[in-house]
Amino acid sequence: MKKFDKERVLLAVAGPVIALVAAMVLTSVVLVASGKSPIEPYSLMFEQATFSDIQVLIINEAGMYYLAALAVAIGFRMNLFNIGVDGQYRLAAMVTAVVGAHVSLPAGLQIPLLILVAMLTGAFWSGIAGILKTTRGVSEVVSTIMLNAIATSVIGYLTLDENFGVPVGNNQTTGVMHSSGWFPGIDMGASGEIYGFVVIAVLAGVLYWLILNRTRFGFDLRATGASQSAAAASGVNAKRMVLTAMLISGAVAGLAGMPILLGDVHTYSLSFPTGLGFTGITIALLGRNSPVGIAFAALLIAFLAKASPALDYKGYDKEIAVIMQGLIVIAVVVSYEAVRRWGLRRQQQRVGEELAAAARAAGADNGNNGNNDSVKEVAAR
Amino acid sequence: MELNGITKRFPGVVANHDIHLSVRKGTVHALVGENGAGKSTLMKILYGMQKPDEGTIAVDGTQVAFTSPADAIARGIGMVHQHFMLADQLTVLENIVLGSEKLYGIGAGARRKIAEISDRYGLGVRPDAYVEDLGVADRQRVEILKVLYRGATTLILDEPTAVLVPQEVDALFDNLRELKSEGLSVIFISHKLGEVLSVADDITVIRRGTTVGTAIPSETTPRQLAELMVGSELPTPETAESTVTDRPMIEVEGLKLLAEGSDLPLLDDISFTIHEGEVLGLAGVEGNGQTELIDALIGLKHADSGVIRMAGEDITDWATRRRREGGVGYIPEDRHRHGLLLESPLWENRILGHVTEQPNTRGKGGFWLDIKGAQADTRRIVEEYDVRTPGIDVTAASLSGGNQQKLIVGREMSHKPRFLIAAHPTRGVDVGAQAQIWDQIREARREGLAVLLISADLDELIGLSDTLRVIYRGRLVADADPASVTPEELGSAMTGAASGHLEHVEEDTGGAGDSGDARAGDSGDVQEEAAPEDEAR
């Protein structure tokens, strides 16, 4: 069986490698077309990645990407497309920031409380889409996109001065959170500080793997994603599963803004990072919904995001990184599907070959003229 | 039309190998072979849906190479698929014209042409009827007309009788004879020998992907043909001694299921009892409520009224999972959709449907999967049920249909079901696996299993069942004793022509009895005739 395992690893790696190479080549084409060097931006960005302060930035960014991507991946594993991670994490961050500014408990209670608030808020927002889907059959794609827009308005309303808003200069914040809710970081000296929440992100990844692959619930969830009809016949309550997956996805999404909120800015303001949810979709796709794959993908995209600003100083547009990110998404979708089909076909072929070989061997052992016949028999099956 | 040395390889299998076939003008040429012998692949090649790896096709003496069905149609080759390709919401006329508007327009010209074809071949097609209102046989005639309308001179019919009851089969054969007398050629694919012998002028037998012989119907017995087709001794689905007890396992009373959002009953007043050790066979043309009945029994759809009891316990409101834990085994009619996770490894497929049970989880209601346990048990199933696979880590999709089915049967039997729903348990399965699956059902039945057997294969139904019921338009309209009933008698109940208890009449009134004998049913009759010869050898 080892042969098949090795091949599976190869297939798992082939998809992303092909996609990344294709994306790089296409980006270079764009660079050449705009009359620029197709190589230098890469070397500039790689050079950036050798600086330790940039490395810290990349890791911090990757931590947030990772959580957002996990949230998307939970949906993907079940054939649910939670585009609403973006709204879920922003709303969760804002509500958490408000709670953190108005409630003051000892750190041992405050931090778990804030995490719980974030998860519940995210789950609440995604749960709306879940309930709409299970009761009214509304596509979660449509409802979560709309909920993103609604979240923006809700946040805008709640951060008005007469509600929870606290203007600071020309920025609108929710006030500074009590320091008991600040999540301790890992000090890297002059390079900065790695968010302590990155550890939580890693734990979330481990938990994700454990639950999906080692528990009954995870099996039901994956079965539903692989074949809804087969899962239903096997006794999975599809509606409950949709709602549960949506709630978990939203709860994890709620965590995505926590690293920066609890570890750095300690308030929700106009400059709070946006678009994590959409980046998370890219990363979940690139990482093939696997916790390890997502980690690599998160680091890669974080690298693009944090190493590209340096391009501006050398006369390149840092939007090259955005172009490349877009191309990665397209290349990933194409190459994964191609590799998947190829892999399935190849396995069918090899199973056929092995069975035929086994039959041949059996025929030879018998040493009679049934040899030819048994091979054909297998071939026809 | 002539085919020479056609070979087609698919990943891992040679679907067709060195096929030779020559069809004379104005004849019905039957192509017979077991399920999975490679008939459908050959037809796809003929119809331009797939390209052969080797070999040549010649039409009227000129060599042709088809790259799409359009090429084949241009050469006068038309195909009537087993599953009809008609738009329900359109009329017959619209369906026929659809895609060929240029030929005779869409108005009076087309109508004239349709009427002309319909009259010439006695198809009796009503151009303004909506397809959704037509029965299966009528739809098939529309499909045939559609092909003729496009100017086909050679018609390929893929298992045309699979969806028909015996009486409709006769009507179809009359149509085919009309076509033949007008100089058209028909390629008729089937695995039912009786039908083949009654309608064909030439027969080509295909086995394991290659043509193994040709036969002339008038000089061939079903026995010879069957031997050619199977290449070995024929298995029979007959059960020897009765194991029926008087302890009811499944009782269904007044079960009613309405179509979603309407008060149209899909199932109406269904009542039956299956005892321990009893196989209840359900006959019926597909689409008469069998799927809904299965869904209601497995818990995918909940009854609008009526009661389902298992071993005396009311399970009407139980969810699917609880029913399965309670001992309901399920061999689904569509294993790809309902029985397998195609892209998952075999051992995960072994867990499917029994995720809450040992050896897949530790303890009852366990939270964690027992992956080692599931894998070990998958190896046992592979061994005991002769699933041909190089290992348990390959995906279910890489196994052949028969081996997939063996895995499913093994899985369901491993949980000691008390009640088994077996829907088409041997569909698309090769002869060896078929006999094996029958054996397993018989064995479980001896141990007190109650089985609901649903099958389109009337011989399988008659052979395996202890009791027979006929479902028609969502109602159980007739019952019969499998020891004496014939496929024809069952067939008439399947069309709604007969109801109540089907009493076998030994001496039928002259003509009808003769025709029944002459047609020799299908492979089951062959087997019956075969049995004495077996003893003689």
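**Entry 1: helices on the chain B sheet**

I looked up helix α18 (residues 487-494) of chain B in this predicted model. Helix α18 lies across β13, β19, β20 (475-480) and β21 of chain B and runs at about 35° to β19(B). I took contact as heavy atoms within 4.5 Å. Axes are lines fitted to C-alpha atoms, for helices over the stretch in contact, and angles run from 0 to 180 degrees between N-to-C directions. Helices (H or I, at least four residues) and strands (E, at least two) are DSSP runs, numbered from the N terminus.

I then turned to helix α10 (residues 290-298) of chain B, which lies across β13, β16, β17 (419-423), β18 and β19 (467-472) of chain B. Helix α10 runs at about 155° to β17(B).

Conventions noted: residues are numbered from 1 along each chain as its sequence is written, and chains are lettered from A and ligands numbered from 1 in the order in which they are written. In this predicted model local features need pLDDT of at least 70, side-chain atom pairs count only at pLDDT 80 or more, and totals for chains, interfaces and linings use all residues, while side-chain values use heavy atoms, with hydrogens and water left out.

**Entry 2: the sheet itself**

I traced the sheet in chain B as seven strands in the order β16-β17-β18-β13-β19-β20-β21, an open sheet with mixed pairing. β16 (328-331) and β21 (500-502) of chain B each have a single partner strand, so one side of each is left without a neighbour in the sheet. On average, neighbouring strands of this sheet are turned by 25° against each other, direction ignored. Two strands pair if DSSP finds at least two bridges between them. I checked β13 (residues 279-283) and β18 (residues 450-454) of chain B, which pair in the parallel sense over four bridges. B:L282 has B:I454 in β18(B) as its bridge partner.

**Entry 3: aromatic pairs**

I found a count of eight aromatic pairs over all chains. Rings of Phe, Tyr and Trp (its six-membered ring) pair if their centres lie within 6.5 Å; planes under 30 degrees apart count as stacked, over 60 as edge-to-face and the rest as tilted. A:F183 and A:F197 are edge-to-face because their ring centres are 5.2 Å apart and their planes stand at 70°. This pair links distant parts of the chain, 14 residues apart: A:F183 is in the loop between β2 (171-173) and β3 (186-187) of chain A, and A:F197 is in helix α7 (residues 197-214) of chain A. Both A:F183 and A:F197 are buried (under 20% relative accessible area; exposed is over 50%, partly exposed in between, with a 1.4 Å probe and protein chains only).

I also noted A:Y268 and A:F272 as a tilted pair, with 4.8 Å centre to centre and 35° between the planes. A:Y268 and A:F272 are buried.

**Entry 4: charges over rings**

I recorded the charged end of A:R288 over the ring of A:Y336, 4.8 Å from its centre. In chain B, the charged end of B:R322 sits over the ring of B:W318, 4.0 Å from its centre. A charge sits over a ring if NZ of Lys or CZ of Arg is within 6 Å of the ring centre and within 35 degrees of the ring normal.

**Entry 5: positive phi**

I noted that B:D60, not a glycine, has a positive phi of about 50°. B:D60 is in the loop between β4 (54-59) and β5 (62-64) of chain B and counts as exposed at 62% relative accessibility.
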